[in-house]
Amino acid sequence: MNKSLKKKLESDFDSSVEILEKNGWTITANKNQVLDILRFLKGEGFDYLALISCVDWIEKGEFELIYILSSYLADKEKMHLILKTRIPRKKPDFETTIHIFENAEPYERELHELFGVNFNGHPRLEPLFLDRNYKTPPFRKDFDTRKYVEETFGSIKSVEGKK
Amino acid sequence: MDRNQITKWIKNPKKMGSKYSLWAIYFCTGCGIIEIPPILTSRWDAERFGIKPAPSPRQANLFLITGYVTLKTLKAVVRTYEQMPDPKYTVGFGSCPINGGMYWDSYNTIKKLDKYIPIDGWIAGCMPRPESIFIAVTHLWTMIDKGIADGYEKYKEKYFYYRKNQEKALGELDWPPLHPMKKKEEGQ
């Protein structure tokens, strides 16, 4: 089953599959085909989306979106799949995956908040954790934390010695 | 009761009463809260020192902040502190409330908690051992004896500055000032 799955992924979807270990694969795909691959994999039994993550490749001007899937079916071998795709950093737009995996909603909200990635079709892209508006989303590489800390928290003066 | 302390009891029973029955409210932020259950239960048994957990901030007079304080939790910390009745004592537990600790360059944690509420004592360490809470409490006893654990009075006195700092960090606060916002002129 695993060999045929690899062949299908490589021929049908024009993606490269790298086998890291027996039960862990990395799939690198074009961004136009991510939704199709996710739909296909869900049909193959990978019905659990564990995480959506993001990496900021600032030198290449790209964000890398990472979808981690796993299968919990008893009759198949348990596997983890990592699906990677890259989107341009200047215009970080991508399609939402809520209609495939419902639990993608908080992950996409989190990425919108921390990296500024827009997921088109997401019902509410509001802040999830943070209480404050940041000019640059704080997890991007060009967010200077030390300067930010000095400007916001360092400028608040101690009460000691005041009357 | 220690017989040597009878004169103290007669002189100032209110102070001695609050000193030996510290009702603690634990603010469970960060990793420090892990140290609290063994302190309360049989191994270290905080009741030997008269410390018991309080069900609500309105019945507590010892405030332990155990860990880093983010902007969201600072709001809750200030509200909790303002609800506690006088006399109230605060202890910052661990290095994060002192100066940020390992989160010193984080974008979302406040670094020095004593800019926003008065702190009577600090317990340094990352994490401090459970015994250090008792060392801190015995220190707090001597401070109460000498009358230098007066953070709650300082809060009233310098409320203008504390509130200004809170507003600077959190933006508009959605509760009214607890004390009158008076600014003393210098030289008075």
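**Reading a strand and its neighbours**

Tutor: A:Val55 lies in strand 3 of chain A, which covers residues 48–57. Please keep in mind that this is a predicted model.

Student: Is A:Val55 buried, exposed or partly exposed, and why?

Tutor: A residue with 20 or more other C-beta atoms within 10 Å of its own is buried, one with 12 or fewer is exposed, and one in between is partly exposed. A:Val55 has 14 such atoms within 10 Å, and therefore is partly exposed.

Student: Which residues does A:Val55 touch, leaving aside those up to four places away in sequence?

Tutor: The residues are A:Glu64 and A:Ile66. Both belong to the uncovered face of strand 4 (residues 62–70) of chain A, together with A:Glu62, A:Ile68 and A:Ser70. The covered face of strand 4 holds A:Phe63, A:Leu65, A:Tyr67 and A:Leu69.

Student: In which sense do strand 3 and strand 4 of chain A pair?

Tutor: Strands count as paired if at least two bridges are found between them. Strands 3 and 4 of chain A are antiparallel, with 9 bridges. Within this pairing, A:Leu51 is opposite A:Ile68.

Student: What is found between the two strands of this hairpin?

Tutor: There are 4 residues between them, and in this hairpin A:Gly61 adopts a positive phi near 70 degrees.

Student: How many residues of chain A are in contact with chain B?

Tutor: In chain A, 14 residues are in contact with 17 residues of chain B. The chain A side comprises 7 nonpolar, 2 polar and 5 charged residues.

Notes:
Residues numbered from 1 in each chain as written. Chains lettered and ligands numbered in written order. Predicted model: local features only at pLDDT ≥ 70, side-chain atom pairs only at ≥ 80, totals over all residues. Contact = placed C-beta atoms within 7 Å. Nonpolar A, V, L, I, M, F, W, Y, C, P; charged D, E, K, R; others polar.
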